[in-house]
Amino acid sequence: MVRHNIAMAQKLTRREWVAALAAPALAQAPAEEESAEQLLARARQDLLQGAERLGKFPLPMAVEPAFVFKP
Amino acid sequence: MAAIPEDAFFAPVTELSRRLRDEEFTAVELTRAFCDRLEKFGPRYNALALLLREEALRKAREADDEIKRGRFRGVLQGIPFGAKDLLSVRGKPTTWGARPYAGQVFDYDATVLRKLDRARAILAAKLAMVELAGGGGYRYASASLTGPGLNPWDRTRWSGGSSSGSAAAVAAGLVPFALASETWGSILTPSAYCGVTGLRPTYGLVSRYGAMPLSWTMDKIGPICRSADDCGHVLRAISGGDSNDPSSAGKTFYYNPQLARRPAELRVGYAPVDIEEWAEESARPAFRQALEVIRGLGVKMLEVELPDLPYGLVAGTIISAEGSAVFEPLIRSGQVEQLADRKQIAGLKAGLEISAKDYFKAMRIRRVVMEEMRKLFASVDVLVSPSRFGPATKITEPLDRPARPRPEPKRRGLRDLGAAGNLAGLPALSLPCGFAGGLPVAIQLVGRPFSENNLIALGRAFQDQTDWHRRRPPVEPSTPDR
């Protein structure tokens, strides 16, 4: 299936490429039968993606963490 | 012995207090009647964790003795209530809604329960909750030792989480008020779904000593009641400094509705896109009407928008890192596998792997969030937005993906107000504001830290103009389930 997609992809336009790459993310709706290992892998993946997004957020060096937290 | 009239089960605390003093019924009669209802209807909504009938009746007798002697200790005296099962009660099981802790017993009472005992309120039951208050992130409403919280308005719908039993019990007239907790949405969501009034206090205003920790820097305890006014009375009793809680702000809340700012003096921020695009279509008429009611109170309405910050990601990272640290012994022991929700098990395990770098980054962005919220509250006094954008979900529906994906609106509006408000430790009040498809929906008022009096005053004014908070679900078993 994957090989087939790659073969097809050689004829895709840039826009189609973007759509094709986004498709797996959109289809990520988890199946009921996911195993414990799959669920853990997904949780780790989510954290990894979150960490990447956090890493890209620009912050001046002077910004301290919200410790001790006081509203 | 006086029979308790049906209307008393849905009466506000202030009214019950007056009727107790007028000797229409005694605290023992009232407590026995509520215990009967808890026993009869609690399991119907999976709302009951533990009935405390004997202890409650003993306390009710003491309250009656005091009332007879003319010793009035305030409006909560002789009033039964329920507490989320994450609050420890000495010598009784405190399960945190989770199988691994089903046999857990503490030898001390949570501070909030001691304070309510001092006000002579009567703890009648411990109420069901999502296991570990949802730590790790759950997929299904069934993530609880007591099964999915069922909504009194429609038992095929969820009562919301994680304070499921607290909201359902108040909505169904099983207790006059209940204690709940919120880390991110756990008071406001069930309050909105069940059509009751919930107050999330400012972080640090209410002691968490004796409560299950999930996130040290985000956990709050607050009341779920029949009205904004009742929330004020309960908050008055449970607030205050506590040397046992390192996060205590050392402040006490004095309920002074007469001293709060009048609506005409308030600037209320709102975002039209919240209602016209983010909200589910069926709920929009109720939200529009609620906004008109608020406008009609004479407040100055201003259009606002939250700054573009990753609120949800930051809140999720912090709760995940702190929650997994809290429950590290459970995870390492393997007992985590006994939890009901498999996604939650995975989430707790993965949370242990969050790096210090990422946690600190989230906490630094949180500082920016707090600063931005401070700036926003320089131009407004209160923010108003839907508590949830639609009514309660079906109990079978996965909570981590929408039933019907919709195109995302271009403007942010106040969509992330829940995450932003919890990150900044801001108080919020959820007010029922109508129905969508026969299910309650609600708006939230959010204010500056320690501005609970303003929120409650505005909530009272709203509830003086509406009767959504007085609506009752069909509780009798003879009523056919929808």
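B:Arg120 is found in the loop between α4 (111-118) and β3 (122-127) of chain B, where helices (H or I, at least four residues) and strands (E, at least two) are DSSP runs numbered from the N terminus. Its phi is near 70 degrees, a positive value in a residue other than glycine. B:Arg120 is buried, with 22 other C-beta atoms within 10 Å; a residue is termed buried if 20 or more other C-beta atoms lie within 10 Å of its own, exposed if 12 or fewer, and partly exposed in between, with C-beta atoms placed from the backbone. The coordinates are those of a predicted model, in which local features need pLDDT of at least 70 and side-chain atom pairs count only at pLDDT 80 or more, whereas totals for chains, interfaces and linings use all residues. Residues are numbered from 1 along each chain as its sequence is written, and chains are lettered from A and ligands numbered from 1 in the order in which they are written.

B:Leu132 lies in the loop between β3 and β4 (150-151) of chain B and counts as buried, with 28 C-beta neighbours inside 10 Å. A cis peptide bond, with omega about 5 degrees, joins B:Gly161 and B:Ser162. B:Ser162 is placed in the loop between β5 (154-158) and α5 (164-171) of chain B. Most residues other than glycine have a negative phi, and most peptide bonds are trans.

Strand β13 (residues 439-447) of chain B is largely enclosed by the rest of the structure, because nine of its nine residues are buried. B:Leu439, B:Val441, B:Ile443, B:Leu445 and B:Gly447 point one way from β13(B), while B:Pro440, B:Ala442, B:Gln444 and B:Val446 point the other way. The strand pairs with β11 (residues 382-386) of chain B in antiparallel fashion through five bridges, two strands being paired if DSSP finds at least two bridges between them. Eight bridges join β13(B) to β12 (residues 428-436) of chain B, and these strands also run antiparallel. B:Gln444 is the bridge partner of B:Ser385 and stands opposite B:Ser430. In the hairpin of β12(B) and β13(B), two residues lie between the strands, and B:Gly437 takes a positive phi near 60 degrees.

The largest nonpolar core contains 174 residues, of which B:Ala124 and B:Ala178 touch the most other members. Such a core is a set of buried Ala, Val, Leu, Ile, Met, Phe, Trp, Tyr and Cys residues joined through C-beta atoms within 7 Å. Helix α13(B) gives the largest share of this core, eight residues. With residues up to four places away in sequence not counted, B:Ala178 touches B:Phe81, B:Gly82, B:Ala83, B:Leu127, B:Ser166, B:Ala169, B:Val170 and B:Ile224; two residues are in contact if their C-beta atoms, placed from the backbone, lie within 7 Å. In soluble globular proteins, nonpolar side chains tend to be buried together.

Helix α10(B) is largely enclosed by the rest of the structure, since 13 of its 16 residues are buried. At 1.5 Å a residue, α10(B) should span 22 Å, in agreement with the 22 Å between its end C-alpha atoms; the expected span is 1.5 Å times one less than the number of residues. B:Glu322 belongs to this helix and is buried, with 22 other C-beta atoms within 10 Å. Leaving aside neighbours within four places in sequence, B:Glu322 is in contact with B:Ser215, B:Trp216 and B:Thr217. The C-alpha atoms of B:Glu322 and B:Ile354, 32 residues apart along the chain, are separated by 9.6 Å.

The contact between the chains takes 32 residues from chain B and 21 residues from chain A. On the side of chain B that touches chain A, α10 (311-326), α12 (342-351) and α13 (356-379) each supply at least two residues. The largest share, eleven residues, comes from α13(B). This side of chain B divides into 15 nonpolar, seven polar and ten charged residues, with Ala, Val, Leu, Ile, Met, Phe, Trp, Tyr, Cys and Pro counted as nonpolar, Asp, Glu, Lys and Arg as charged, and the others, Gly among them, as polar. Chain A has three helices and zero strands, and buried residues make up 11% of its 71 residues.

The predictor gives the complex an ipTM of 0.86 and a pTM of 0.92. Chain B averages a pLDDT of 96, and 98% of the residues score at least 70; pLDDT is the predictor's confidence in each residue, from 0 to 100. Over residues 478-482 of chain B, pLDDT stays under 50, and the model has four contacts beyond four places in sequence for them.
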